[in-house]
Every structure is written in C-alpha cells, then in structure tokens.
Amino acid sequence: MAVIDRQKWDKVYSHPQRKYPNPPAALIAHADYLIPGSLLDVASGEGAVALYMAASGQYPTTAIDISQTGLDRLSQFASERKIALNTQCLDLDDLQQLSTLGKYQNITLFRYKPSTELLKALMAALVPGGRLLFSSFNIQHHQTTGFSRRFSLDKREFMDIDGTAKLIHFAASSSAPYTDTYIFENPQ
Ligand SMILES: C[S@@+](CC[C@H](N)C(=O)[O-])C[C@H]1O[C@@H](n2cnc3c(N)ncnc32)[C@H](O)[C@@H]1O
C-alpha cells in the first residue's frame, strides 16, 4: 500500500505548476493550541502546514512524508521564501521509523486518516505536556463531495484513543471543507 501511495503522491507533487500551498483553515483556527518549541509535521506533503508554522520563526520544524518528491517541492518553496526547516522521507506504515525521530513539543497531522496505532505512536513522540493537532476530512465531506469514504473520519472517531492521550479540544467544521479537528496533550 505504501508503495502505491508514494507513487500516487510523487506524481501529484511532480507537476511543474505546483503553487506555494495555503495553510488549511483548521490550522489557522487552532494554531494557538500549540506550545512554544519544536514541531513535527507528519504526512507534510509539499508543506501547507510545515511552511506556515516554520515561517512564524517560533517552531523549529521537521516535515516528514513518504514522498521525496513532495519533500523536495517543500524544500524548494522554503528556500524561495528563506524559511528554515528540516525534512525526512519516512513511511508511516513502519512505526519503528517514527520512534527514531526523538521527542517534540508539537506534532501536526493534516488531511491524512491515521490508524489508532499511528496516533498512539505520535503521542509517544511528544514530550510531557506536548500537543498533537490533528485535522482531516470527515464523513460529511464524503457525503457532500464524494471524497473517498475510506479516507474520511467517522463521527467523533478518535474521542478516546487511549489513557495516554488527553483530549483538550475537538471541533467539527460547520461549513465546507468539512473537517474534524482534535487537539491531544501528552499528560505524562
Ligand atoms: C492529502 S496529502 C496531505 C499533505 C499535507 N498534510 C496537507 O495537509 O497539505 C497526504 C500526504 O500523506 C502522505 N502519505 C501517504 N501515505 C504515507 C505513508 N505511508 N507514510 C508517510 N506519508 C504518507 C502523502 O505523500 C501526502 O503527502
């Protein structure tokens, strides 16, 4: 599956007319929940989240994705705007790879449907008090646009992932694009 995903996204990001990406509305609405310090942007693609956060100068940022083509595009956008950040090509289906990345104050995950196991692994990559801001398309987005059901979040799907993740905020958007946003804190 990961190979097919990589090929699909490499193709998307290799299009010569890709434009500098805008940050998702849910990031702008919820960025205040993040705490000072480092940030890991997971499944970053060409950097809609990572570039916005790194550009603020407040969050030393690392972007990870399975698509090296997406990360190259991100690095090109960053260099054009003199934004400093790091990238690493990594397969989220291999949770061992994640455990080599160290600990972060903040993790962002946008427009990617994770497994519960992945969310738990991301929580384990947070320092105590660290925050995970996760936002993706929900079932209403599927119903109104035909977006793939497989990649859509069920209603309140991750309200209770396990005892090590404290949910501090949840929001379902009331207008398109329909997304669910979760902010978890590592209470340990
Ligand atoms: C819809 S894009 C979202 C990109 C970015 N987070 C955003 O909101 O603009 C999904 C991203 O997930 C990445 N991805 C898919 N499968 C992956 C995997 N197994 N490991 C790491 N990244 C993966 C893709 O390469 C793609 O960049």
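Trainee: Which strands does helix α4 (residues 68-80) lie across, and at what angle does α4 run to β3?

Mentor: Helix α4 lies across β2 (61-65) and β3, and runs at about 170° to β3. Such an angle is taken between N-to-C directions on a scale from 0 to 180 degrees, with axes as lines fitted to C-alpha atoms, for helices over the stretch in contact. Contact between two residues means that their C-beta atoms, placed from the backbone, lie within 7 Å. Please note that this is a predicted model, in which local features need pLDDT of at least 70 and side-chain atom pairs count only at pLDDT 80 or more, while totals for chains, interfaces and linings use all residues. Residues are numbered from 1 along each chain as its sequence is written.

Trainee: Which strands does α6 touch as it packs on the sheet?

Mentor: α6 touches β1 (39-42), β4, β5 (126-137) and β7, and its direction makes about 145° with that of β5.

Trainee: What makes a run of residues a helix or a strand, and how are these elements numbered?

Mentor: Both are DSSP runs numbered from the N terminus: helices are H or I over at least four residues, strands are E over at least two. By that rule the protein has seven helices and seven strands. Their order from the N terminus is α-α-β-α-β-α-β-α-β-α-β-α-β-β.

Trainee: In what order do the seven strands of the open sheet stand?

Mentor: The order is β3-β2-β1-β4-β5-β7-β6, and the pairing is mixed. Two strands pair if DSSP finds at least two bridges between them.

Trainee: Why are β3 (86-89) and β6 (166-172) called edge strands?

Mentor: Each of them pairs on one side only. On average, neighbouring strands of this sheet are turned by 15° against each other, direction ignored.

Trainee: How many bridges join β6 to β7 (residues 179-185)?

Mentor: There are six, and the two strands run antiparallel. The pairing rule asks for at least two bridges, so β6 and β7 qualify as paired. Within this pair H169 stands opposite I183, and A172 stands opposite D180. A hairpin of six residues joins β6 to β7.

Trainee: Over how many bridges do β5 and β7 pair?

Mentor: They pair over seven bridges in the antiparallel sense, and F134 stands opposite Y182 in β7.

Trainee: Why is β7 described as largely enclosed by the rest of the structure?

Mentor: Five of its seven residues are buried, so the description holds for β7. A residue is buried if 20 or more other C-beta atoms lie within 10 Å of its own, exposed if 12 or fewer, and partly exposed in between, with C-beta atoms placed from the backbone. Buried residues make up 37% of the 188 residues in the protein.

Trainee: Where does P114 lie?

Mentor: P114 lies in the loop between β4 (104-110) and α6 (116-124). With 19 C-beta neighbours inside 10 Å, P114 counts as partly exposed. Leaving aside residues up to four places away in sequence, P114 touches L109 and L119.

Trainee: How do you know that the radius of gyration agrees with that of a compact globule?

Mentor: For 188 residues such a globule would have a radius near 16 Å, and the protein has 16 Å, so the two agree. The radius is taken over C-alpha atoms, and the globule rule is 2.2 Å times the number of residues to the power 0.38. The C-alpha trace spans about 40 × 40 × 30 Å along its principal axes.

Trainee: Which of the 19 residues around the ligand come nearest?

Mentor: These are W9, A43, G45, I66 and L92. A residue is near a molecule or strand if its C-beta atom, placed from the backbone, lies within 6 Å of it.
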